Each structure stands twice: as C-alpha cells, then as structure tokens.
Amino acid sequence: MDKTTLAHNIERVKETIATACHKSGRRPGDVQLIAVTKYASEETTRAVLDLGLEHIGESRAQEAVPKYEALGERGTWHFIGHLQRNKVKYVLGRFTYIHSLDRYSLAKEINKRAEREDLEVNCFIQVNVAGEARKFGLAPSEVMEFAKEVAELPYVRIAGLMTMAPLVEDAEEVRPVFRELRSLRDRLSELELPRADKLELSMGMSNDYEVAVEEGATMVRLGSALVGRNT
Ligand SMILES: *Cc1c(COP(=O)(O)O)cnc(C)c1O
C-alpha cells in the first residue's frame with residue numbers, strides 16, 4: 001500500500017477514535033491503536049512504523065518471525081491470533097503482549113517457558129462473549145475461575161480481557177458485547193489478583209471500533225481500516 005493512502009487511513013482512524021472518545025467523555029490518549037499487519041507485507045509494515053504507529057499486531061507466529069527479525073526493535077508487538085502450545089517458543093521474547101490466552105494448558109506452557117527465560121508475559125484472557133461456535137475464548141461465566149487459576153502462575157501477568165465481536169452490518173448490534181466485556185473487567189479488578197492490576201480492554205476491530213471505544217476499549221486492533229487487505 002502506498003504511503004499516502006496509509007497516512008490518510010491513519011488520520012481517519014485517529015479522528016474516529018477522537019470523536020468516539022469525545023462522545024463518551026474519554027481521552028484519546030487512553031486508547032492505544034494496534035496496527036494489525038497480518039494482511040500486510042514487510043514493506044507495508046515498515047511504512048506503518050515510519051508513519052509513527054508503534055504497536056503492531058500479528059496473528060500467525062511463524063509468519064510474524066521474519067517481520068519481527070527485520071523490524072522488531074522499532075515497535076511493541078502484540079500476538080493476537082490463536083496460539084498453539086508448540087508455537088509459544090516463537091512468541092516469547094518477541095511479543096510483549098499475547099491477546100489470546102484461552103485455556104489453562106496454554107497458560108501453563110507460557111509460564112514454563114517464561115520461567116526459563118526469566119520473563120513476565122502480559123496475557124489477555126480471550127472471552128467469547130457472544131458464544132459463537134467458530135470463535136475461540138472462554139465463556140463469560142468461566143472467566144473469574146480461570147483468572148484465579150492463572151494468577152497462581154508467577155510468570156504470567158493478566159493484562160486484561162480481549163474479545164472479538166461477531167461480524168455484523170451495523171456495529172450498534174454488538175454494543176452489548178463490549179459492554180459485557182467491560183463489566184467482566186470491572187468484576188475481575190475487584191478480585192485484586194496478583195499481577196492483574198490496571199486491566200485493559202482489548203476490543204474493537206475495523207468494523208466496530210467506534211462503538212468499542214465508546215464502551216471503554218483501551219486497545220483497539222485494526223487491520224483492514226489501516227492497511228486494507230493483502231497489501
Ligand atoms: C485480523 C484481526 C484483527 C483485525 O481485523 P480487521 O477487521 O481487519 O480490523 C483484530 N483482532 C484479531 C484477533 C484479528 O485476528
């Protein structure tokens with residue numbers, strides 16, 4: 001994607017975030033924009049960094065490694081895809097955040113490898129708020145117990161909660177999804193678990209980030225709105 005178009009997209013997204021913040025009495029600085037570059041070439045990813053976005057999201061471990069080797073130092077990397085246990089080794093030490101912690105066996109694997117490397121790993125618990133059969137993530141009713149178990153693992157920090165809302169025509173339809181994730185986050189905060197302070201809300205994608213920001217998102221993950229598809 002050419003840099004002019006990309007710069008234009010970034011401006012437009014920032015304006016939309018600012019407007020949504022304004023509408024809901026929030027500060028734009030409280031919303032972190034993550035540029036999802038899973039559709040983008042290394043060149044486009046470099047352009048994203050050149051244009052001042054520092055948070056990069058990737059969803060496939062092995063494909064992200066060469067990009068990371070070329071550009072890793074320049075940004076903060078977020079792993080947002082489904083993570084298999086045998087791929088944890090590619091992710092640790094490169095990605096500062098994992099947004100897709102969805103089962104205890106994965107948490108244990110992250111903890112084990114992080115201990116070896118003496119790292120604390122920031123993990124978002126992924127929640128399947130809408131209960132979609134084809135999506136990963138815990139049911140809302142499972143989140144508190146799961147978080148308590150994860151809090152026993154000393155190398156895993158609970159960074160917050162993440163969800164992917166169903167793809168709908170009108171983003172207003174998924175407002176209750178974001179609202180429920182926020183309410184879960186508030187309940188989780190009340191537990192005051194160790195290594196689970198200042199819980200973030202990773203929610204909002206190209207289709208629905210405006211509504212997600214109005215409902216309290218602190219991190220939005222945007223791919224196609226920024227870099228289009230397959231660039
Ligand atoms: C691909 C992806 C995104 C970005 O999707 P867009 O609709 O292109 O903004 C965000 N989050 C996750 C988990 C993804 O896999």
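On a 1 Å grid over the protein atoms alone, a pocket is an open set of points where a 1.4 Å probe fits, with protein on both sides within 12 Å along at least five of seven lines. This is a predicted model, in which local features need pLDDT of at least 70 and side-chain atom pairs count only at pLDDT 80 or more, while totals for chains, interfaces and linings use all residues. Residues are numbered from 1 along each chain as its sequence is written, and side-chain values use heavy atoms, with hydrogens and water left out.

The second largest pocket comes out at about 200 Å³, a volume being the space filled by probe spheres set on the grid points, which are joined across faces, edges and corners. Its lining (residues with an atom within 4 Å of a point) includes Lys14, Pro28, Gln32 and His55. Helix α1 (3-23) gives the largest share, three residues; α1 and strand β1 (32-36) each supply at least two. Helices (H or I, at least four residues) and strands (E, at least two) are DSSP runs, numbered from the N terminus.

The largest pocket has about 770 Å³. It is lined by 26 residues, with Lys38, Tyr39, Lys135, Met164 and Met205 closest to its centre.

Elsewhere, there is a helix pair to look at. The axes of α2 (residues 42-50) and α3 (residues 61-71), lines fitted to C-alpha atoms over the stretch in contact, come within 11 Å and cross at roughly 45 degrees. Here Glu42, Thr45, Arg46 and Leu49 of α2 meet Pro66, Lys67, Ala70 and Leu71 of α3, contact meaning heavy atoms within 4.5 Å.

Key. Axes are lines fitted to C-alpha atoms, for helices over the stretch in contact, and angles run from 0 to 180 degrees between N-to-C directions.
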